[in-house]
Structure formats: structure tokens, C-alpha cells
Amino acid sequence: MPEKNDQKRHRRNRGRRGGRPTGFDSEIYRRRNTVERCFDQLKGFRGITTRYEKTATSYEAAVTLASLPLWARSI
């Protein structure tokens with residue numbers, strides 16, 4: 001997330017004791033936001049949220065099947 005201006009100013013005022021400045025890359029943030037929104041949409045499927053499947057393979061298949069309608073809506 002972008003750093004607030006008052007936090008930047010406070011760190012600058014502290015000088016060497018201000019700590020390591022945080023890095024912000026807008027491209028990484030944009031990709032992360034896309035992935036988070038995808039997970040939020042998948043949470044609408046009850047079976048994915050509660051994880052009824054016992055094995056990782058069947059859970060992966062359920063996520064894939066739940067993703068298909070989301071993908072179809074996007075095109």
C-alpha cells in the first residue's frame with residue numbers, strides 16, 4: 001500500500017533512527033489487488049469457503065470448477 005505523507009515526513013524527521021523506508025511498486029500492488037478480488041469472488045461459493053473436500057486434489061478441482069463461471073462472466 002502507498003505510504004501516507006505524514007508517515008514519510010515523520011520518518012524523515014527522525015533521521016537515521018527513522019527505520020527502513022517502505023517500498024511501493026504500483027505494478028505489484030495492482031497484481032496483488034487482482035488476486036485478492038478473485039479470492040473474494042471465490043468466497044461466494046460455500047464449498048470453497050468451508051472446504052468440504054478431504055484431499056488437496058479434490059479441493060483444487062473444486063476451486064477450478066468454481067472459477068469457470070467467474071471466468072466465463074469476465075469474457
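Which residues' side chains meet in a salt bridge at 3.0 Å, N to O? I began with this entry and found the pair to be R30 and E27. I note at the outset that the model is predicted.

**Entry: salt bridges**

I then looked up where R30 and E27 sit: both belong to helix α2, which spans residues 26-42. They are three residues apart, about one turn of the helix. E27 also meets R31 through side chains, in a salt bridge of 3.6 Å, N to O. R31 and E27 again both lie in helix α2, here four residues apart, which is about one turn of the helix. I checked the exposure of E27 and recorded it as partly exposed, at a relative accessible area of 35%.

I turned next to E36 and R32, whose side chains form a salt bridge of 3.1 Å, N to O. About one helical turn separates E36 and R32, because they are four residues apart in helix α2. Through salt bridges that share partners, E27, R30 and R31 are joined into one network. For E36 I noted a relative accessible area of 39%, so this residue is partly exposed. R32 likewise counts as partly exposed, with 40% relative accessibility.

**Entry: chain layout**

I counted the secondary structure and found four helices and zero strands. Read along the sequence, the pattern is α-α-α-α. The chain has 75 residues, of which 11% count as buried. I also considered contacts between residues at least 6 apart in sequence; 23% of these join residues at least 24 apart.

**Entry: nonpolar core**

I looked up the largest nonpolar core and listed its five residues as L42, I48, A62, A66 and L70. Helix α4 gives the most to this core, namely three residues. With neighbours within four places in sequence left aside, A66 is in contact with L42, F45 and I48.

**Entry: surface**

I then asked which residues make the nonpolar surface patch of about 500 Å². They are L65, L68, W71 and I75. I placed L68 in helix α4, residues 56-74. Is L68 buried, partly exposed or exposed? L68 has a relative accessible area of 45% and is therefore partly exposed. A patch residue must have over 30% relative accessible area, and the 45% of L68 is the value I noted for this residue.

Conventions
Residues are numbered from 1 along each chain as its sequence is written. This is a predicted model: local features need pLDDT of at least 70, side-chain atom pairs count only at pLDDT 80 or more; totals for chains, interfaces and linings use all residues. Side-chain values use heavy atoms; hydrogens and water are left out. Patches are made of residues with over 30% relative accessible area and no salt bridge: like charges are joined within 9 Å, nonpolar side chains (Val, Leu, Ile, Met, Phe, Trp, Tyr) within 5 Å. Accessible areas come from the Shrake-Rupley method with a 1.4 Å probe; for residues, only the protein chains shown count as cover. A salt bridge is a side-chain nitrogen of Lys or Arg within 4 Å of a carboxyl oxygen of Asp or Glu. Helices (H or I, at least four residues) and strands (E, at least two) are DSSP runs, numbered from the N terminus. Buried means under 20% relative accessible area, exposed over 50%, partly exposed in between (1.4 Å probe, protein chains only). A nonpolar core is a set of buried Ala, Val, Leu, Ile, Met, Phe, Trp, Tyr and Cys residues joined through side-chain atoms within 4.5 Å. Contact means heavy atoms within 4.5 Å.
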